[in-house]
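Me: I am new to this structure and would like to learn how to read it. Can we go through a few features in turn?

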Amino acid sequence: MPQNEHIELHQRRHGYRLDYHERLRKRIAREPHKKAAKAQALRGLKAKLYNKKRHNEKIQMKKTIRAHEEKMNKSKPQKEKESAAALPAYLLDRETTNRSKILSNTIKQKRKEKAGKWQVPIPQVRAQSEAEVFRVLKSGKSKRKGWKRMVTKMTFVGDTFTRKPPKFERFIRPMGLRIKSAHVTHPELKATFHLPIIGVKKNPSSPMYTSLGVITKGTVIEVNISELGLVSTSGKVVWGKYAQVTNNPENDGVVNAVLIV
């Protein structure tokens with residue numbers, strides 16, 4: 001058992017104090033007043049950062065409350081004047097949703113698509129530390145300088161890439177760990193294709209890994225699917241599409257990915 005859980009253990013064994021829940025309620029009730037007093041007392045940059053944090057919290061809270069209200073009060077259309085013809089029994093308890101509700105859902109969906117929030121095959125992956133991804137290279141005449149780093153993971157480097165002179169190159173991406181194609185599985189077709197990689201869209205561990213083109217498990221890459229012959233709704237051939245890496249490329253020597261459709 002971790003050392004910091006002795007209070008929880010005591011509560012499980014012997015129960016709570018008689019006034020525990022009342023004190024907890026009062027503490028929660030005092031919290032907004034404490035926050036407000038702190039916000040008024042702070043000055044300068046700390047005040048700016050704290051107010052920004054509180055502003056974001058309030059926005060999130062309002063969104064949550066609105067979502068709960070929408071869930072609780074299903075938007076029903078205003079009851080029209082009772083018509084002469086009586087409704088059949090199977091239609092009495094049926095509720096027709098508002099068109100405005102459908103429109104708002106459509107807009108939300110479009111916003112999500114625009115922001116690039118997709119349902120990915122692997123939603124959570126282990127973060128890769130810099131110690132895992134980079135190896136320190138000693139440089140200089142007496143090998144005392146340690147500002148250079150060698151990438152130890154698979155990387156994608158474009159065709160137009162030109163190396164800097166070795167004296168000025170900080171991040172070294174070895175030729176043996178560079179890769180230009182991936183085995184991409186289409187989840188609906190249940191088939192795997194060998195497709196060229198266009199670029200690295202996002203590495204969840206760090207934006208720096210994304211800019212260096214480091215490919216680890218969970219990375220979203222862009223692949224060229226023109227040879228599959230997929231057509232968009234407007235009738236144009238789809239050229240590039242995103243896929244998520246599902247294996248550890250540095251261990252397997254290849255990149256396996258699932259297409260995000």
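This is a predicted model: local features need pLDDT of at least 70, side-chain atom pairs count only at pLDDT 80 or more; totals for chains, interfaces and linings use all residues.

Me: With which residue does Arg-163 form a salt bridge?

Reply: The partner of Arg-163 is Glu-169, and their closest N and O atoms are 2.6 Å apart.

Me: Is Glu-169 buried or exposed?

Reply: Buried means under 20% relative accessible area. Glu-169 has 6% relative accessibility, so Glu-169 counts as buried.

Me: How many salt bridges does a search of the whole structure find?

Reply: The search finds 8. The bridge between Arg-163 and Glu-169 is one of them.

Me: Which residues are linked in a network of salt bridges?

Reply: Arg-17, Asp-19 and Arg-23 are linked in this way. Asp-19 meets Arg-17 at 3.2 Å, N to O. The side chain of Asp-19 also meets that of Arg-23, at 3.9 Å. The cut-off for a salt bridge is 4 Å, so the pair at 3.9 Å still qualifies.

Me: What share of the residues in the protein chain is buried?

Reply: Of the 261 residues in the chain, 20% are buried. The accessible surface of the chain comes to about 20600 Å², and carbon and sulfur atoms account for 55% of that surface.

Me: How many helices and strands are there in the protein chain?

Reply: The chain has 8 helices and 10 strands.

Me: What is the order of the strands in the open sheet of 3 strands?

Reply: The order is E1-E2-E4, and the pairing is mixed. Strand E1 (134–139) and strand E4 (171–172) are at the edges with a single partner strand each, so one side of each has no neighbour in the sheet.

Me: In which sense do E2 and E4 pair?

Reply: Strand E2, residues 145–151, pairs with E4 in the parallel sense, over 2 bridges. Met-150 stands opposite Ile-172, a residue in E4.

How values were computed:
Residues are numbered from 1 along each chain as its sequence is written. Side-chain values use heavy atoms; hydrogens and water are left out. Buried means under 20% relative accessible area, exposed over 50%, partly exposed in between (1.4 Å probe, protein chains only). Helices (H or I, at least four residues) and strands (E, at least two) are DSSP runs, numbered from the N terminus. Accessible areas come from the Shrake-Rupley method with a 1.4 Å probe; for residues, only the protein chains shown count as cover. Two strands pair if DSSP finds at least two bridges between them.
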